[in-house]
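Subject: Structure for your review

Dear colleague,

I am handing over the structure below, followed by an account of what was found in it. Please read the account with the coordinates open beside you.

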Amino acid sequence: MAKGMARSLEDGRQRGLLDFAYRLDLYRLMTLLRQAPGETKAVVFGSVTDANQGLWRHAANAGFEVVTVERGFSGKEKRMDTSLVTRLCRDVYRFGDPRRDHITLVAGDGDYEPVVKQLVADGFTVTVLYWAHASRELREAASAFHSLDPYIADLALA
C-alpha cells in the first residue's frame with residue numbers, strides 16, 4: 001500500500017502483492033518507543049525458525065526482552081497471542097500502577113481487544129501502535145491509537 005501498488009491491505013492480499021522484502025528495524029522501533037516519558041520495558045514475542053534466528057538476536061541487541069514460543073506440530077505459530085496476554089496481565093497486575101505506568105502495545109490483531117479493554121477499564125492508559133489496518137475493535141478499545149504508516153520508511157531496516 002505504501003508503494004501505491006494496492007488500494008488496501010485486502011486488495012494487496014487478493015492480488016498477492018505483499019512485500020516480503022520489508023524488514024522492520026527494531027533499533028528504530030525501540031527509539032520510537034523510548035520517546036515516551038519514563039522507563040521503557042519492551043518485550044517482543046515470536047517463534048524461532050531456521051530463517052529468523054537473526055531476528056531475535058537483532059531484537060535483543062536493540063533492547064527488547066525476547067520471548068520465543070515453539071511452533072506447533074504443523075510448523076505454524078501457536079500460543080503467541082495467549083503468551084503475550086498472559087505476560088502482559090502478569091506484569092501489569094503484579095508490578096503496574098495506573099497512576100504511573102503507561103502501556104504501549106505494538107500489535108494490530110483484534111484478539112488483543114479484550115485485554116486492552118480491561119486494562120483501560122482498570123485505569124491504565126494503553127496506546128496501540130500499528131499500521132493503519134489494525135483491528136477497528138482494538139483501536140477503539142485503546143486509550144489512543146497511533147498509526148506507524150507515516151514512519152514506514154523511518155522504521156525500515158536499511
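Helices (H or I, at least four residues) and strands (E, at least two) are taken here as DSSP runs, numbered from the N terminus. This is a predicted model, in which local features need pLDDT of at least 70 and side-chain atom pairs count only at pLDDT 80 or more, while totals for chains, interfaces and linings use all residues. Residues are numbered from 1 along each chain as its sequence is written, and side-chain values use heavy atoms, with hydrogens and water left out.

Thr 127 is found in strand 4, and at 8% relative accessibility it counts as buried, where buried means under 20% relative accessible area, exposed over 50% and partly exposed in between (1.4 Å probe, protein chains only). The side chain of Thr 127 makes a polar contact of 2.8 Å with the side chain of His 102; a polar contact is a pair of N or O atoms within 3.5 Å, and within protein one must be able to donate a hydrogen and the other to accept it, residues adjacent in sequence counting only if both atoms are side-chain atoms. Leaving aside neighbours within four places in sequence, the residues in contact with Thr 127 (heavy atoms within 4.5 Å) include His 102, Ile 103, Ala 144 and His 146.

Strand 3 (102–106) runs parallel to strand 4 and is joined to it by 5 bridges, with Leu 105 standing opposite Val 128; two strands pair if DSSP finds at least two bridges between them. Strand 4 also pairs in the parallel sense with strand 5 (residues 144–147), over 4 bridges, and there the bridge partner of Leu 129 is His 146. Strand 3, helix 5 and strand 4 make a right-handed β-α-β unit, as do strand 4, helix 6 and strand 5. A crossover is right-handed if, with the strands pointing away from the viewer, the path from the first strand over the helix to the second runs clockwise.

As for nonpolar packing, a core is a set of buried Ala, Val, Leu, Ile, Met, Phe, Trp, Tyr and Cys residues joined through side-chain atoms within 4.5 Å. The largest such core has 20 residues, and those with the most contacts inside it are Ile 103, Leu 105, Val 116 and Leu 119. Among the elements that each supply at least two residues of this core are strand 2 (65–69), helix 5 (113–121) and strand 4 (125–130), while helix 4 gives the most, with 4 residues. Val 116 is in contact with Leu 105, Val 126, Leu 138, Ala 141 and Ala 142, leaving aside its neighbours within four places in sequence.

A second, separate core of 15 residues includes Met 30, Ala 42, Trp 56 and Ala 59. In helix 3 (residues 53–62), Trp 56, His 58, Ala 59 and Ala 62 are buried; seen down the axis of helix 3, its buried residues fall within an arc of 155° and so line one face of the helix, the arc being that of the directions from the helix axis to the C-beta atoms. Arg 57 and Asn 61, on the other side of helix 3, are exposed. What covers the buried residues of helix 3 includes helix 2 (26–33), strand 1 (43–47) and strand 2.

With best regards
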